[in-house]
Amino acid sequence: MRVGTSAAGLVAAACASVLLVPSPAAAASQAKPVGHCVVDLATERITCYDTFRESIAAATGGRITDAPATPAKAAEDKRFLAELDAPAGNSAKAAAKANTSRTSPRAASQVVGGFVYEDFNYGGWSWTLTIPSRCRNDGAWDATYGDLGSFWNNKITSVIPAGNCHIELHSDPHYQGARQMYTSSTPYVGDAMNDQASSMVLT
Ligand SMILES: [Ca+2]
Ligand SMILES: [Ca+2]
């Protein structure tokens, strides 16, 4: 495991193995490191890992430990995407088991509502979005992130909605500016929204 940095840059003191990770921009001068982060939209806590597989294990509370090695493969893996959407019944036990092995200041959101990526075709840094329960598709907003902050502001280039959610990107913080909705796996968000998103809504 690599990190545990929140959008506000606070290290989660509760987790002994936590380290602060450089932002993608700050680290760009070296060989480009890539991290795979889990963003709990309920708490805005961001925790990053070295591998996509690790990040999925964390995002699912230990339920899925054999995710495809790369996000690009995951995007085309129907079995994996279906497993992500499996009923929460099975995950309760796994989540309980996972929770006994680490301290957590708040209960984690363990439904995956989607993924956003730094680069074209699900490349670069990934951010797996977790939410308390699946989206309802009733027109109301199910989860939000009002200000992506320097860590992932103006970087998103591809997206994969999950958990019955659609992902709506906004070019300015707090759901202002241009907006665009994505209802299925999208390897390129389009010229108008590429590297523009500063806030997002799951609906
Ligand atoms: Ca980008
Ligand atoms: Ca922006």
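The chat below goes through the metal sites, disulfides, aromatic pairs and salt bridges of one predicted model.

Q: Before we start, what kind of model is this, and how are things numbered?
A: This is a predicted model, in which local features need pLDDT of at least 70, side-chain atom pairs count only at pLDDT 80 or more, and totals for chains, interfaces and linings use all residues. Residues are numbered from 1 along each chain as its sequence is written, chains are lettered from A and ligands numbered from 1 in the order in which they are written, and side-chain values use heavy atoms, with hydrogens and water left out.

Q: OK, metals. Which residues coordinate the calcium ion (ligand 1)?
A: Glu118 (O), Lys155 (O), Thr157 (OG1) and Asp195 (OD) do, at 2.2 to 2.3 Å. A donor here is an N, O or S atom within 2.8 Å of the metal (3.2 Å for Na, K and Ca), and since water is not among the atoms, sites may look incomplete.

Q: How are those donor residues spaced in sequence?
A: The spacing for the calcium ion (ligand 1) is E-x36-K-x1-T-x37-D. Lys155 sits in the loop between α5 and β6 and Asp195 in the loop between β8 and β9, so this pair ties together parts that are 40 residues apart in sequence. Helices (H or I, at least four residues) and strands (E, at least two) are DSSP runs, numbered from the N terminus.

Q: And is Lys155 buried or exposed?
A: Lys155 counts as buried, at 14% relative accessibility. Asp195 is partly exposed, at 33%. Buried means under 20% relative accessible area, exposed means over 50%, and partly exposed is in between (1.4 Å probe, protein chains only).

Q: Which protein donors does the calcium ion (ligand 2) have?
A: Asn154 (OD1), Ser171 (O), Gln196 (O) and Ser198 (OG), lying 2.2 to 2.4 Å from the ion. Asn154 is in the loop between α5 (149-152) and β6 (158-161), and Ser198 is in the loop between β8 (176-182) and β9 (199-202), so the two tie together parts that are 44 residues apart in sequence. Asn154 is partly exposed at 35%, whereas Ser198 is buried at 4%.

Q: Switching to disulfides. How many does the structure hold?
A: Two. A disulfide is a pair of cysteine sulfur atoms within 2.5 Å. Counting bonded cysteines along the chain, the pattern is 1-2, 3-4.

Q: What does Cys37 pair with?
A: Cys37 forms a disulfide with Cys48, and their sulfur atoms are 2.2 Å apart. Cys37 is in strand β1 (residues 36-40) and Cys48 in strand β2 (residues 45-49), 11 residues apart. The link is right-handed, with 100 degrees about the S-S bond. Cys37 is buried, with a relative accessible area of 0%, and Cys48 is buried, also with 0%.

Q: Where are Cys135 and Cys165?
A: Cys135 is in the loop between β4 (123-131) and β5 (143-145) and Cys165 in the loop between β6 and β7 (167-172), so the pair ties together parts that are 30 residues apart in sequence. Their sulfur atoms are 2.0 Å apart. The torsion about the S-S bond is about 90 degrees, so this disulfide is right-handed.

Q: How many aromatic pairs are there?
A: The structure holds 10. Rings of Phe, Tyr and Trp (its six-membered ring) pair if their centres lie within 6.5 Å; planes under 30 degrees apart count as stacked, over 60 as edge-to-face and the rest as tilted.

Q: Why does the pair of Phe115 and Tyr117 count as stacked?
A: The planes of Phe115 and Tyr117 are at 15 degrees, with the ring centres 6.3 Å apart, so the pair is stacked. Both residues are buried.

Q: Which residues do ring pairs link into a cluster?
A: Trp125, Trp127, Tyr145, Phe151 and Trp152.

Q: Last topic: how many salt bridges?
A: Four, where a salt bridge is a side-chain nitrogen of Lys or Arg within 4 Å of a carboxyl oxygen of Asp or Glu. One of them joins Glu83 and Arg79 (2.9 Å, N to O). Both lie in helix α3 (residues 78-84), four residues apart, about one turn of the helix.

Q: What does Asp85 pair with?
A: Asp85 forms a salt bridge with Arg134, the closest N and O atoms being 3.3 Å apart. Asp85 is in the loop between α3 and α4 (89-100) and Arg134 in the loop between β4 and β5, so they tie together parts that are 49 residues apart in sequence.
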